[in-house]
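User: I'd like to learn how to read sheets and salt bridges in a model. Can you walk me through one?
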Amino acid sequence: MEPPEDREGRSFVEVINEKYSPENFPYRRGPGMGVVVVPTAGLQGSPMKDRLNLPSVLVLNNCGITRAGYQAEIAAFCAHVIELDLSHNNLQDWHEISKITSSIPNLEFLNLSSNPLAGTSLEPQCAEAFSRVRRLVLNNTQISWDTVMLLTQNIPELEELFLCLNEYSSVSSSSVACPTLRLLHITDNSLHDWAEVCKFGSMFPSLDTLIMANNNLASIQDNKDILARLFPNLRSINLNNSDLNRWEDIEKLNFFPKLEEVRLQGIPLLQAYTNAERRNLMIAQLPSVSHLNGSVVTDSEREDAERFFIRHYLDCPEKELPYRYHSLVTKYGKLEPLAEIDLRPRCRAQVKVHYEEKVEQVIIRLDQTVAELKKHLTTVVQLSTNSMRLYYIDKNSPFGPEELKYNTLALHSYSIQDGDEILVVRKTK
């Protein structure tokens, strides 16, 4: 039976009994389609059905769970469970959460996002209940950093940690490292000082992926030796929507010895550039990065970007040239500016309009049709559109006039240039 506790909300046991009963979750035969777990004989009087059809991945979000329920029933029905989503419930007692996790011996993934855990304390003996978890999600829980450290110290094989939307502006160091953590996802916090980020390097020496978009990081400090020592294994970093505003900070990304994936969208430094300029300048600045903002950097794209980079800084004073400029000039030499060629169709042309003895200079739009030109010329030659025939005379062509026969054809189809001529002839019956 449920423990005789009169609390608001529902227990974990009540929810799995309801959601995964045979009536609501029919058993499907076949590998991976569901698991039938028969309760042990000792659970006499249990309100649960004779059997429940629980998959190995339990999704119990938004179920109003506030407590664990009878631990023996959790152990009987969840021995095979490896993933558990308890997000958006009302769990606010670590003792109740630990009763759930300690009763699931094969649990590897736990999501506690959006449970109200602010100000709640975690006792060391309760922290041991999370020891088998490899991926832990604590987004939007306002969990204290001390509690985070206590968890990481008691989870010997933790690989992924999610701490988004927790309002962290600073973190405390720990004398005990978590050597197994590979991914730290800490977006949408208020981290602005690089000294706080450096603490991640000390606490998580095997860190492979650091995702900290939507923080207020203003600069990347420290020299090459310190960054290489703190982040020897960092392969991927996401700094989208940070406050980076200096090219020197981008250059420092080259000091991470294994970095090959970078995301740097939405930073103030790049606001003045077009999308193409942003990508070219970033690729040229980061010679070891193979993926930028989610896209692969090809060899040909890198060469184009590096040549663009040299030309971009051609007129820059010597003392303001970035370090990367000199290494690229050594590679390609000093390049001449590219000729600017405007391939857009011309919009207007100034032509001479001839009618009988009259000659007038007229500026015509080249996106208009022959019919629209005729209408435009009615005020010039005093003829109706039905009474005129038009001929185009190319000043550079050895051929004679070409009649503009097709009223719906646009004038730019004839490649009309400044100085060409239009001959207007009255139609004869």
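Analyst: We take the sheet, then the salt bridges, in this predicted model.

User: What is the strand order in the open sheet?
Analyst: Follow the pairing from strand to strand. Here 11 strands run β4-β6-β7-β8-β9-β10-β11-β12-β13-β14-β15, with mixed pairing. The edges are β4 (57-59) and β15 (295-296), each pairing on one side only.

User: In which sense do β11 and β12 pair?
Analyst: Parallel, over 3 bridges, with β11 at residues 209-211 and β12 at 236-238. Ile211 stands opposite Asn238 in β12.

User: How many salt bridges does a search of the whole structure find?
Analyst: The criterion is a side-chain nitrogen of Lys or Arg within 4 Å of a carboxyl oxygen of Asp or Glu. The search finds 20. One of them joins Arg182 and Glu160 at 3.8 Å, N to O.

User: Which parts does the Arg182 and Glu160 pair tie together?
Analyst: Locate both partners. Arg182 sits in the loop between β9 (160-162) and β10 (183-185), and Glu160 in strand β9, so the pair links parts 22 residues apart in sequence.

User: Are Arg182 and Glu160 buried or partly exposed?
Analyst: Buried means under 20% relative accessible area. Glu160, at 17%, is therefore buried. Arg182 is partly exposed at 36%.

User: What separates Glu303 and Arg307 in helix α10?
Analyst: About one helical turn: they are 4 residues apart in α10 (residues 299-312). Glu303 is partly exposed at 36% relative accessibility, and Arg307 is partly exposed at 26%.

Note on methods. Residues numbered from 1 in each chain as written. Predicted model: local features only at pLDDT ≥ 70, side-chain atom pairs only at ≥ 80, totals over all residues. Heavy atoms only, no water. Pairing = 2+ DSSP bridges. Helix = DSSP H or I, 4+ residues; strand = E, 2+ residues; numbered from the N terminus. Buried < 20%, exposed > 50% of the residue type's maximum accessible area, 1.4 Å probe, protein only.
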